[in-house]
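Q: Hi! Could you walk me through the inside of this one, starting with the packing and then the voids?

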Amino acid sequence: MNFDPLVIPFLAGTFFLLIVISVKYFNWIHKLDANQVAAIRKNIFSIHTIKAINEIFHESLLHRKIYRKNRLLGYMHMSLAFGWFLMIVVGKIESLFYYGSFYDRPWLGIFFKYFARTPHHYFMIIPFSFIMDLLLLVTLSGVVLAIFKRIRSRSLGIKKTTNHILLDRIALTSLWWIFPLRLLAESTTAQLTGNGSFLTGTVGMLMAHLPVEHIELPLWWAYSICIGVFFIAMPFSRYMHIPTEIVLILLRNWGAREGEQHSGYTDIQLNTCSRCGICIDACPLDFAAQINTVQPVYFIRDTRYNHLTQEVADNCLLCGRCVEACPVGLELTAIRQQVRQKAETPGKHYFEYNKARENTKKVDIVYFAGCMSHLTPSIIISMKEIFKQAGISYWFMDEEKGLCCGRPLRQQGYLQQSKELVLKNTQLIHSSGAKMLVTSCPICYHSFKEEYSLDIPVMHHSEYIDMLMNEKKLDLAPSDLEMVYHDPCELGRNCGMYDSPRHVLNKIGHLTPVESEKEKSLCCGGSISNMAIEYDVQSKIRNNALEVLTASQPDVLVTACPLCKKTFGQNGKVKVMDIAEIVAGNIKNRFPQII
Amino acid sequence: MKDWGYKISIPRIIDLDRSDTSLYKQLVSKVPSAMKCIMCGACSATCTASNHTTFSFRHCHILFKRGQYSRLSDELDKCMLCGKCNLVCTQGVNTRAVISTMRLILSDMNNRNIAL
Amino acid sequence: MGMEIKKQYWNEYQKEIAQDDYFYERSCIRQTFFPGSEATFLNILRDELGKKIVDDPKIHTCTGIGYHSDIVPFDTTMTICARLFSLMNGAGLKNYVPSCVTSFGIFNEVLDTWKHYPEELEKTRVNLRKATGREFEVPDNIAHPSDIIYNFRKQLKLKMKYQLVNRKTGKPLKVVEHIGCHYSKIFAEKSIGGAEFPHVLAGMIEEWGGEVVDYPERRHCCGFGFRNYLVMANRGYSVANSKKKFESMKPYKPDFILTNCPGCAMFMDRWQYTIAEMEGTTYDENGKGIPVLTYEEMTGMLLGYNPWDIGMQVHQVQTESILDKIGIDYNPQDKYVGVSGMFLGEPEKPTNLVV
Amino acid sequence: MSGKKIIIIGGGPAGLEAASHLARQNYQVTILEKESETGGHIKNDMTLFPDFADAQEVRKGLSDRANHPNIELKTGICINELVQEGNQWRIKSDNNEAITGDAVLLATGFEPFDARRKEELGYGIYNNIITSVDFETKLKEGKILTTEGNIPQRIAFLNCVGSRDEKTGNNYCSRVCCVNGVKLAISFKELYPAAEAYFFYIDMRMNGQQYEELYRTSQEKYGVTYIRGRISEAAATFDHKIQLKSEDTLAGLPLKLTVDMLVLLVGIESSKSTRLLAGQNNIRGNYGFAESLGVNRNDYQTTKEGLFLAGTCKRPLSFQETIADAGAAAIQIMDYLEKVK
């Protein structure tokens with residue numbers, strides 16, 4: 001007996017799934033942008049492919065990243081994904097042994113026990129049965145955990161679970177039912193034919209008093225239907241992440257990155273989101289301000305299904321905590337900036353009015369304070385003092401208030417305007433003849449590094465001060481100040497600069513680590529990326545961050561961003577200083593002037 | 001229509017009986033803090049664009065509020081969204097959002113060819 | 001505002017108006033564009049009221065248009081006015097009646113200047129003497145023709161054949177009155193009723209059965225504004241002012257506009273044509289515009305004068321609608337027939353304004 | 001002799017005035033003052049608005065009246081705790097001294113806003129940027145000089161520093177800064193008639209007797225220039241002057257002005273003692289001020305029987321209003337003590 005109509009739902013679902021996925025993949029790959037295609041061409045036959053396969057194994061099957069973050073959650077995902085995967089693989093091998101042909105009908109492995117009713121046919125029956133039962137048990141334990149997580153998420157260390165749409169619920173329910181139904185179906189067959197092992201055999205015995213010969217077929221049918229339903233719902237539900245993540249890992253390893261415009265790669269990223277909801281807990285808008293409808297999980301979902309609202313698109317601090325937390329490593333902030341993009345007016349110039357003067361004298365560096373720094377004059381005064389003490393000649397590019405770096409416009413999707421500013425500033429910087437650009441604003445710093453193609457290095461002042469100290473141009477006097485350091489989002493997570501400021505501060509006083517720092521640093525709430533929230537919400541985020549930062553009762557909260565300084569300073573709870581201020585106040589002795 | 005070499009002047013008056021102030025309602029539904037503005041001008045004082053051009057957040061805001069949309073789009077385009085105005089505002093007005101929302105509302109209007 | 005309070009205002013602004021023996025000075029604009037009105041006024045005074053009024057052919061401009069366009073200095077104005085007074089003295093009269101509202105304003109201004117600065121009067125005497133060899137005395141009384149008609153409105157009512165009443169409905173006609181800025185805004189105390197609630201035209205309308213429309217822009221300028229019209233670059237502003245008035249009065253559906261000042265009659269009438277031709281807008285329901293009458297025309301019409309004799313055919317906005325409403329007997333065939341009895345031909349028809 | 005004892009916390013105008021009234025009605029009063037001298041903030045003042053009365057004479061009058069056998073004055077005492085025990089109130093000071101009484105009047109006053117919290121205004125960063133409190137001190141010393149020792153030829157006053165400001169959490173109007181600023185500008189012009197005085201304001205709220213006239217006099221007689229616009233940036237120039245940026249909102253143009261001195265008219269904030277003691281007794285209201293039962297009829301009573309409020313611990317008040325308030329509070333206390341007899 002090699003066929004029964006009960007496999008039809010399964011087969012229909014499988015074919016449907018294969019066709020839909022093929023169409024989708026073709027579309028996405030077709031829509032990749034030029035940079036992405038170039039990257040793939042370059043790296044497809046290289047070590048990167050091996051790395052990608054390794055990553056696919058670790059992430060798609062074992063879910064290593066989730067496991068590291070939360071063991072129970074990791075186990076849940078691993079048992080479901082890897083357990084099911086092995087059940088399919090081992091089932092296939094089992095049927096190979098049983099039927100002696102690899103190319104036999106594909107459903108024979110899925111419905112093995114139903115079709116392989118004569119156990120004496122092959123000698124490996126006992127170990128295979130045992131392994132399959134074990135795998136089923138492992139998978140079932142994952143299902144139990146998943147159900148438990150739905151009911152009591154906090155017990156799995158998750159504060160909030162995702163609010164799912166109907167299609168997801170259908171897919172989820174059918175997925176959960178697959179394994180209990182398989183257990184019951186196999187158990188009835190085991191009771192009838194004796195092909196069960198420790199699990200199916202035992203459950204079969206427990207069902208002995210039931211009319212198993214009558215319920216066997218309906219149970220197998222139900223099992224097949226559940227698989228069919230799941231497969232049909234999958235490409236339209238969050239479970240599309242299962243096949244898509246594999247593609248994403250490959251492309252990412254080959255060097256593809258999110259571009260300025262929506263592309264096939266964006267679609268792949270959108271479909272890779274499993275809506276696990278880990279980003280909800282990472283988002284300051286949620287835990288500090290109780291806004292829980294705008295997080296990447298919903299944003300990505302809405303974008304994928306084309307019902308994104310402006311409110312969801314705009315309501316994001318772009319602090320990057322979600323990117324850091326995302327188990328599948330989606331470029332969430334990049335996609336967010338994409339959807340914010342505004343219509344362009346070709347040929348239009350917006351900032352012709354600026355008549356910034358070029359530098360005329362010979363200088364070591366260009367100093368760009370940044371717009372915000374003009375409202376924290378102490379930073380500018382301190383930088384001037386530091387330059388003076390270290391004997392650095394500089395051109396203060398925006399002393400008379402120059403152009404903005406362009407990042408605020410870019411963040412809001414005004415790309416054309418942003419590029420105009422980049423072009424104008426680049427001309428000014430290059431015309432200065434200086435060998436380095438130093439800025440006091442992490443927003444500008446990020447912009448200079450990523451959006452500009454400057455032919456001189458760019459440094460944030462914390463890094464620059466560190467360099468001056470290493471070069472012995474600046475010596476600082478130690479003090480007994482108790483300090484904590486706040487990593488600005490743009491400087492830390494977005495530019496990866498964590499060590500320089502800490503190195504500098506450790507020379508001055510005692511730096512106490514805080515609970516959330518470096519990659520996990522909290523946003524001050526003042527972020528200019530989020531125009532959808534008002535001052536009251538910003539204050540909540542700020543106060544929440546201050547609670548964490550001032551837990552050790554420091555003398556001073558040090559940061560390296562004028563916006564963070566201003567935002568924290570408004571609270572008045574703790575003294576807030578920029579790293580430049582604290583350095584300028586602790587310069588030990590005056591070095592001889594070099595020029 | 002005849003052309004005698006001159007045109008009938010359009011009144012400079014803010015005619016609140018005729019101006020369409022519904023756009024402002026649209027604005028405050030998106031950015032409620034706009035209503036907190038007390039027109040102190042701190043925003044315009046710190047603004048780089050204001051120092052170089054006729055752009056003024058306060059002025060654009062009051063014109064929009066009064067339904068005076070002509071040429072407002074061009075004014076709004078001068079803003080670099082740098083956010084200094086946001087920082088100096090004592091009333092907690094989300095100035096950048098006000099600017100960006102005004103821009104979007106006006107371009108939406110232009111696209112629909114509604115006379116402004 | 002209640003009637004009682006309005007009357008209080010009128011009581012504050014009462015002026016002395018000479019009862020007889022007038023020296024008449026024609027208006028530059030009136031005698032050019034609405035000559036029938038001035039003739040009608042003279043007829044009313046002489047035939048209906050039996051007054052003596054001298055219409056001297058030697059009179060000339062008071063310089064008002066040039067003066068208000070900043071091209072005639074005040075010294076010149078004073079001297080020119082003095083010559084007009086001298087002509088009045090020559091006729092043996094002391095009561096000066098300038099047909100034009102701007103002249104009325106100019107004379108008041110000149111007399112007020114001489115009152116406060118007698119040396120200016122002496123200087124003017126010297127100037128006039130040097131220029132013409134003439135001497136002059138200031139008039140005892142200056143009154144605008146509308147003041148005189150207002151003054152005799154009750155007397156005239158007795159002689160009138162018609163009233164400002166719609167014959168079909170029996171309801172009073174709705175009349176917008178426009179006083180002319182220089183009549184009351186320069187020297188409010190020289191006007192009847194002052195600048196805020198002027199009564200000179202309103203008094204005639206109410207006395208003769210009509211209803212005055214009090215609309216928001218009632219006090220606004222007609223739009224002439226001298227150099228604003230005369231300099232083409234400013235002309236759009238001139239029209240815009242009239243437009244503002246028309247828009248404001250339109251909802252009241254007035255039967256006609258009554259004007260005091262030659263310029264106002266001219267511009268309220270002609271700008272309706274201009275706006276209709278430039279923008280396609282008219283201010284009545286059937287595209288004909290709101291007719292504009294001078295107070296002389298209105299008086300003559302009610303007294304039963306032939307409309308074509310008093311010049312009602314020279315308006316751009318046609319006036320037949322008023323004649324029909326009141327039920328005045330007139331012959332449409334005679335509209336463009338000249339004094340000689342010959343047909344003069346019909347004027348060219350506007351594109352948008354219905355005639 | 002009624003034998004009832006009242007504790008007044010705070011020896012400023014409100015405390016002294018209330019004490020004088022109560023003492024004259026034969027109540028035993030204890031005034032607790034954290035500083036070494038009574039008088040509160042007017043100790044620092046040269047004159048009072050709107051009549052330029054000598055602040056020190058006024059203060060002397062207040063303390064002379066409070067020099068009464070029924071009044072016990074304890075200075076230099078800081079209160080840590082204020083608790084109700086049955087019908088009695090117990091106070092604990094920082095040196096563990098315990099004082100009890102039948103009623104308590106909270107007259108803990110205000111604190112001027114710390115201008116360093118508005119960094120863009122440069123207070124504490126640049127020289128020659130001072131607060132109205134600093135200015136008054138200088139006035140008392142008889143001369144206003146820049147850090148470099150020169151007479152300022154041009155001075156600017158900025159209103160609403162720390163008032164009407166959501167960013168510092170103070171949404172309220174401090175009510176006295178407008179008229180106080182006008183007073184300071186006039187005093188400055190009296191001292192240096194040749195110098196120029198500018199006044200940057202958002203609204204001029206001249207809501208007291210003689211205030212509007214004072215405002216007019218400052219323009220007519222003293223030529224103070226008023227500019228409607230808020231300064232949003234202050235920066236030092238190379239010659240130690242202060243460059244200000246504001247918008248002249250009436251002209252609709254940005255405005256730049258370089259002055260020798262900038263005076264920040266700082267607002268009124270709740271004092272530390274008010275916040276502490278009101279907090280302990282659950283009567284802490286908005287912005288840390290003490291909350292009365294109702295502003296219309298029960299503005300002196302609190303939710304706690306026997307705990308009364310007077311003066312600027314409730315909200316920003318002018319000197320005159322404070323004195324009137326203290327008198328009214330005294331009557332309410334007497335009324336209460338009659339009842340609990």
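What follows is a short chat about cores, domains and cavities.

A: Happy to. This is a predicted model, so local features need pLDDT of at least 70 and side-chain atom pairs count only at pLDDT 80 or more, while totals for chains, interfaces and linings use all residues. Residues are numbered from 1 along each chain as written, chains are lettered from A and ligands numbered from 1 in the order written, and side-chain values use heavy atoms, with hydrogens and water left out.

Q: Great. Which residues touch the most other members of the largest nonpolar core?
A: Met298(C) and Met301(C), in a core of 98 residues. A nonpolar core here is a set of buried Ala, Val, Leu, Ile, Met, Phe, Trp, Tyr and Cys residues joined through side-chain atoms within 4.5 Å, where buried means under 20% relative accessible area with a 1.4 Å probe, protein chains only. Helix 14 (residues 262-279) of chain C supplies the largest share of this core, eight residues; helices are DSSP runs of H or I, at least four residues, numbered from the N terminus.

Q: And what does Met298(C) touch?
A: Leaving out residues up to four places away in sequence, Met298(C) touches Leu164(C), Met204(C), Ile205(C), Trp208(C), Phe256(C), Leu258(C) and Leu293(C). Contact means heavy atoms within 4.5 Å.

Q: Switching topic: how is chain C divided?
A: Into domain 1 (22-145) and domain 2 (153-334), with bounds from an automatic or database domain assignment. Their centres, taken over C-alpha atoms, are 25 Å apart, and 30 residues of domain 1 of chain C are in contact with 32 residues of domain 2 of chain C.

Q: Now the voids. How many cavities of 30 Å³ or more are there?
A: There are 13. A cavity is a set of points on a 1 Å grid over the protein atoms alone where a 1.4 Å probe fits but cannot get out, and lining residues have an atom within 4 Å of a point. Volume is the space filled by probe spheres set on the points, which are joined across faces, edges and corners.

Q: What lines the largest cavity?
A: It has a volume of about 230 Å³ and 23 lining residues, with Gly526(A), Gln538(A), Asn86(B), Leu87(B) and Lys167(D) nearest its centre. Helix 26 of chain A gives the most to this lining, four residues.

Q: And the second largest cavity, what's its volume?
A: About 180 Å³. Of its 19 lining residues, Ile443(A), Cys489(A), Glu490(A), Ser527(A) and Leu563(A) lie nearest its centre.

Methods. Buried < 20%, exposed > 50% of the residue type's maximum accessible area, 1.4 Å probe, protein only. Helix = DSSP H or I, 4+ residues; strand = E, 2+ residues; numbered from the N terminus. 1 Å grid on protein atoms, 1.4 Å probe; cavity = no way out; pocket = protein on both sides within 12 Å on 5 of 7 lines; lining within 4 Å.
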